[in-house]
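The sequence and the model are shown first.

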Amino acid sequence: QALQAADYRIGQVRILVDDVFDLADPEEDTWYAHTADALHITTRPHVIRAQLLFKTAQPVDAQRIYQSERRLRSLPFLRYAAITPDACSFNTVDLTVHVKDAWTLKFDLNFAHVGGQSSFGLSFKDVDFLGSGKTLAIGHQSDAERSRNQVSYEDPALLGSRWQFGVTYAHL
């Protein structure tokens with residue numbers, strides 16, 4: 001707010017994306033953390049930048065910065081988000097957007113056999129597919145009465161805009 005009152009402008013915006021696990025922390029430095037971080041594709045900086053409500057060279061607006069931080073925290077593929085000033089010079093302030101990825105890949109397999117009838121289900125869902133911030137879900141379910149195949153796709157920032165897009169195809 002002080003920078004806004006002093007008529008500062010936004011300079012460089014640096015995006016810093018951390019992995020799912022902090023391997024420098026001895027409690028998180030485990031074999032499964034190493035495996036998960038190796039399998040996980042880090043969210044790309046342009047995905048984070050698309051969620052920001054401010055751009056370089058705009059006047060500092062504290063409310064837009066707070067709302068951008070809040071918007072980042074609401075994303076299901078991030079566990080942490082903070083926007084902090086880095087350096088000030090010549091009435092410009094450089095910002096760092098620091099986020100921490102969450103584990104986003106969900107796999108579900110179920111089978112049941114009751115009363116001579118079987119049911120089966122298999123699904124895959126990733127809410128940060130290939131680090132893009134987009135959701136892809138694929139699933140199959142079958143029981144004695146029917147089978148269902150489904151594919152879903154969601155984009156929280158269609159073509160880098162504020163528009164959201166979602167589509168689902170199901171075959172019963």
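A residue is called buried if its relative accessible area is under 20%, exposed if over 50%, and partly exposed in between. The model is a predicted one.

**Helix H2**

By that cut-off, Ala-33, Ala-36 and Asp-37 are the buried residues of helix H2, which covers residues 31-39. Viewed along the axis of H2, these buried residues fall within an arc of 95°, so they line one face of the helix. An α-helix has 3.6 residues a turn, so residues three or four places apart point the same way. Trp-31, Ala-38 and Leu-39 are exposed and sit on the face of H2 turned away from its buried side.

**Overall form**

The protein has four helices and eight strands. Starting at the N terminus, the order of elements is α-β-α-α-α-β-β-β-β-β-β-β. The radius of gyration is 21 Å, whereas a compact globule of 172 residues would have one near 16 Å. The C-alpha trace spans about 75 × 40 × 20 Å along its principal axes.

Of the 172 residues, 31% count as buried. The accessible surface is about 11,100 Å², and carbon and sulfur atoms account for 56% of this area. Considering contacts between residues at least 6 apart in sequence, 47% join residues at least 24 apart.

**Gln-51**

Which side chain forms a polar contact of 2.8 Å with that of Gln-51? The partner is the side chain of Arg-71. Gln-51 belongs to helix H3, residues 45-51. With a relative accessible area of 5%, Gln-51 is under the 20% cut-off and therefore counts as buried. Leaving aside residues up to four places away in sequence, Gln-51 touches Arg-71, Leu-72, Leu-75, Pro-156 and Ala-157.

**Aromatic pairs**

A pair of aromatic rings is described by the distance of the centres and the angle of the planes. The structure holds three such pairs. One of them joins Trp-31 and Tyr-32: the ring centres are 5.8 Å apart, with 85° between the planes, an edge-to-face arrangement. Trp-31 is exposed, at 67% relative accessible area, and Tyr-32 is partly exposed, at 45%. Together with Phe-21, Trp-31 and Tyr-32 form one aromatic cluster.

In another pair, the rings of Tyr-153 and Phe-165 have centres 6.3 Å apart and planes at 55°, so this pair is tilted. Tyr-153 lies in strand E7 (residues 147-155) and Phe-165 in strand E8 (residues 165-171), so the pair ties together parts that are 12 residues apart in sequence. Tyr-153 is partly exposed, with 28% relative accessibility. Phe-165 is also partly exposed, with 37%.

Most residues other than glycine have a negative phi, and most peptide bonds are trans.

Terms used:
Residues are numbered from 1 along each chain as its sequence is written. This is a predicted model: local features need pLDDT of at least 70, side-chain atom pairs count only at pLDDT 80 or more; totals for chains, interfaces and linings use all residues. Side-chain values use heavy atoms; hydrogens and water are left out. Buried means under 20% relative accessible area, exposed over 50%, partly exposed in between (1.4 Å probe, protein chains only). Helices (H or I, at least four residues) and strands (E, at least two) are DSSP runs, numbered from the N terminus. The arc is that of the directions from the helix axis to the C-beta atoms. A polar contact is a pair of N or O atoms within 3.5 Å; within protein, one must be able to donate a hydrogen and the other to accept it, and residues adjacent in sequence count only if both atoms are side-chain atoms. Contact means heavy atoms within 4.5 Å. The radius of gyration is taken over C-alpha atoms; the globule rule is 2.2 Å times the number of residues to the power 0.38. Accessible areas come from the Shrake-Rupley method with a 1.4 Å probe; for residues, only the protein chains shown count as cover. Rings of Phe, Tyr and Trp (its six-membered ring) pair if their centres lie within 6.5 Å; planes under 30 degrees apart count as stacked, over 60 as edge-to-face and the rest as tilted.
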